[in-house]
Amino acid sequence: LPANRPFSTVDELRHVLGMTPEILEAARPYLTVIPAGATINVNTAPLPVLRALPGVGIAGADEIMRLRESGFFATRSGELLAALPPSVAGSIEARGEAFNRAAGFATSMVEIDAVGRVEAGVLVRRVRTVVARTNEGALVLWRGVE
């Protein structure tokens, strides 16, 4: 059964009612256990993640990807909205507060995933760490060893 607490690893999703191995594997590249309060960087998020942002949807995500491919990277929501077609901008504006809570325009947290092996390949260790950028430098928010 699920542990009834925030997930500490993405693999814990396999215990959620209705989760199948196929669904988990399809979603895995877009999931993280980065702490609550983290935002999705509109300038770097993959297409399926953009589609999940409030008000963005399929058309909005496609437009954001088109803008990025042309070299446009917004630094704030007003700048993004001005660059989008009115129908897409209107959809995002309708969910404005929710969009602004979820979306960001710079990367402040990263997940580092490192795998180490001995030469024969018998011993394998994977270390995953979430690091946040602060005014004083980097801060480790989470670390897991498998």
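A: Let us begin with the term itself: a residue is called buried when its relative accessible area is under 20%, and exposed when that area is over 50%. The model shown is a predicted one, and buried residues make up 29% of the 146 residues in the protein.

Q: Which residues are buried in helix 3?

A: Helix 3 covers residues 57–69, and its buried residues are Gly 60, Ala 61, Glu 63, Ile 64, Leu 67 and Arg 68. Seen down the axis of helix 3, these buried residues fall within an arc of 160°, so they line one face of the helix.

Q: Why do residues three or four places apart point the same way in an α-helix?

A: The general idea is that an α-helix has 3.6 residues a turn, so residues three or four places apart point the same way. In this case, helix 3 has 13 residues and reaches 18 Å from its first C-alpha to its last, which is close to the 18 Å expected at 1.5 Å a residue.

Q: What covers the buried residues of helix 3, and which exposed residues does the face turned away from its buried side carry?

A: The cover includes helix 2 (47–52), helix 4 (77–83) and helix 5 (86–94), whereas the face turned away from the buried side carries the exposed residues Ile 58 and Glu 69.

Q: What follows helix 3?

A: Helix 3 is followed by Gly 71, whose phi is positive, near 100°.

Methods: Residues numbered from 1 in each chain as written. Predicted model: local features only at pLDDT ≥ 70, side-chain atom pairs only at ≥ 80, totals over all residues. Heavy atoms only, no water. Helix = DSSP H or I, 4+ residues; strand = E, 2+ residues; numbered from the N terminus. Expected span 1.5 Å × (residues − 1). Buried < 20%, exposed > 50% of the residue type's maximum accessible area, 1.4 Å probe, protein only. Arc of directions from axis to C-beta. Contact = heavy atoms within 4.5 Å.
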